[in-house]
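The following note collects several points on the local geometry and surface of the model. Please read them alongside the coordinates.

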Amino acid sequence: PIVIDGVTMSVDVAVGVSIGPDDGDTRTQLMKKADIAMYHAKSQRSSSVSQYSPDQEQSSARQLALVAALRKTLEE
């Protein structure tokens, strides 16, 4: 933890990494995959670094589908 103006704050870091050309050929593709890896790193509940892998994308797709289903259920 760090103290700023008398307020104690805890800071965690999550870093997502993608490497071209395996993870993409364009800046947009690489940023998208790095973003997916970053959310995977965040899910580890501590400061961490995660390199993109296709199974992370499948996990993200499942999570998005679950959120969509939950929203639909709540609306109904």
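1. Strand 3 (residues 14-17) pairs with strand 4 (48-51) in the parallel sense, over four bridges. Strands are DSSP runs of E with at least two residues, helices are runs of H or I with at least four, and both are numbered from the N terminus; two strands pair if DSSP finds at least two bridges between them. Within strand 4, Gln 51 stands opposite Val 17. The chain passes from strand 3 through helix 1 to strand 4, and this β-α-β crossover is left-handed. A crossover is right-handed if, with the strands pointing away from the viewer, the path from the first strand over the helix to the second runs clockwise.

2. On provenance, this is a predicted model, in which local features need pLDDT of at least 70 and side-chain atom pairs count only at pLDDT 80 or more, while totals for chains, interfaces and linings use all residues. Residues are numbered from 1 along each chain as its sequence is written, and side-chain values use heavy atoms, with hydrogens and water left out.

3. The loop between strand 3 and helix 1 contains Pro 21. The peptide bond joining Gly 20 and Pro 21 is cis, with omega at about 0°.

4. Gln 44 belongs to the loop between helix 1 (27-42) and strand 4. The side chain of Gln 44 reaches the backbone oxygen of His 40 at 3.3 Å and makes a polar contact with the side chain of Ser 43, also listed at 3.3 Å. A polar contact is a pair of N or O atoms within 3.5 Å; within protein, one must be able to donate a hydrogen and the other to accept it, and residues adjacent in sequence count only if both atoms are side-chain atoms. Gln 44 is partly exposed because its relative accessible area is 43% (buried is under 20%, exposed over 50%, partly exposed in between; 1.4 Å probe, protein chains only). Ala 14 is 30 residues from Gln 44 in sequence, yet the C-alpha to C-alpha separation is 9.0 Å.

5. Asp 5 deserves a check. Asp 5 lies in the loop between strand 1 (2-4) and strand 2 (7-9), and its phi is near 50°, a positive value in a residue other than glycine. With a relative accessible area of 77%, Asp 5 is exposed.

6. Val 13 is found in the loop between strand 2 and strand 3. Its relative accessible area is 44%, so Val 13 is partly exposed.
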